[in-house]
Amino acid sequence: QVQLVEPGGGLVQAGGPLRPSCAASGRTFGSYFSSYTMAWFRQAPGKEREFVAAILWNDGSTSAATSVKGRFTISRDNTKNTVYLQMNSLKPEDTAVYYCAARLYYSGSDYYPSHFASWGQGTQVTVSS
């Protein structure tokens, strides 16, 4: 059983930073977290869930959506089974529920929600203008 827990959301003023995290637990995750590609998605009210950023399991390379590139950085600490999303220069349009997701041994360059089997419960991020 895989569990992903995401603390770290909240309310922030435009231009400010926020750093949600995602901690993985469970018998399988505990031993093999480093073998999972981890990603962040977000979903705003009335919109589809969209890709934000990902970090590969094999070489640690990262990808980010154009809308957040240069502002958001994804990182991971395999010793803590945790992935982070450093969000800087936040904008009101970044307001959404942010979800972390995991997929074992995924090395692709496309990131769609259907590619990921394990999901966290989501954390609300609200950016006020």
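This report describes the confidence, nonpolar core, salt bridges, selected contacts and surface features of one protein model.

The model is predicted, so local features are reported for pLDDT of at least 70 and side-chain atom pairs for pLDDT 80 or more, whereas totals for chains, interfaces and linings use all residues. Residues are numbered from 1 along each chain as its sequence is written, and side-chain values use heavy atoms, with hydrogens and water left out.

**Confidence**

The mean pLDDT, which is the predictor's confidence in each residue on a scale from 0 to 100, is 92 for the protein, and 98% of the residues score at least 70.

**Nonpolar core**

The largest nonpolar core holds 37 residues, of which Met 38, Trp 40, Leu 85 and Tyr 98 touch the most other members. Two or more residues of this core come from each of the strands S3 (21-25), S4 (36-43), S5 (50-55), S7 (72-77), S8 (82-87), S9 and S11 (123-128). Such a core is a set of buried Ala, Val, Leu, Ile, Met, Phe, Trp, Tyr and Cys residues joined through side-chain atoms within 4.5 Å; buried means under 20% relative accessible area, exposed means over 50%, and partly exposed lies in between (1.4 Å probe, protein chains only).

**Salt bridges**

Side chains of opposite charge can pair when their charged atoms come close. With a salt bridge taken as a side-chain nitrogen of Lys or Arg within 4 Å of a carboxyl oxygen of Asp or Glu, a search of the whole structure finds three, and these are set out in the table.

| Glu 50 | Arg 42 | 2.6 Å |

Asp 94 counts as buried because its relative accessible area is 1%, Arg 42 is buried at 7%, and Arg 71 is buried at 11%, whereas Glu 50 is partly exposed, with a value of 36%. Because Asp 94 lies in the loop between S8 and S9 while Arg 42 belongs to strand S4, their pairing ties together parts that are 52 residues apart in sequence.

**Selected buried positions**

Gly 120, placed in the loop between strand S10 (118-119) and S11, is buried at 11% relative accessibility and touches Leu 4, Glu 6, Tyr 99 and Cys 100. The C-alpha atoms of Gly 120 and Ala 101 are 6.4 Å apart, although the two residues are 19 residues apart in sequence.

Leu 56, in the loop between S5 and S6, is buried with a relative accessible area of 10%, and its contacts are Thr 37, Ser 61, Arg 76, Tyr 106, Ser 107, Gly 108 and Tyr 111. Ser 21, in strand S3, is buried at 16% relative accessibility and is in contact with Val 5, Glu 6, Pro 7, Trp 40, Thr 82, Val 83 and Tyr 84.

**Surface patch and backbone angles**

Tyr 32, Leu 104 and Tyr 105 make a nonpolar surface patch of about 330 Å². Patches are made of residues with over 30% relative accessible area and no salt bridge, where like charges are joined within 9 Å and nonpolar side chains (Val, Leu, Ile, Met, Phe, Trp, Tyr) within 5 Å; accessible areas come from the Shrake-Rupley method with a 1.4 Å probe, and for residues only the protein chains shown count as cover. Leu 104 lies in strand S9 (residues 96-104) and is partly exposed at 39% relative accessibility.

Tyr 105, in the loop between S9 and S10, is partly exposed at 48%, and its phi is near 55 degrees, a positive value in a residue other than glycine. Ser 89 also has a positive phi, near 50 degrees; Ser 89 lies in the loop between S8 and S9 and is partly exposed, with a relative accessible area of 40%.

Methods
Helices (H or I, at least four residues) and strands (E, at least two) are DSSP runs, numbered from the N terminus. Contact means heavy atoms within 4.5 Å. Lists of a residue's contacts leave out its neighbours within four places in sequence.
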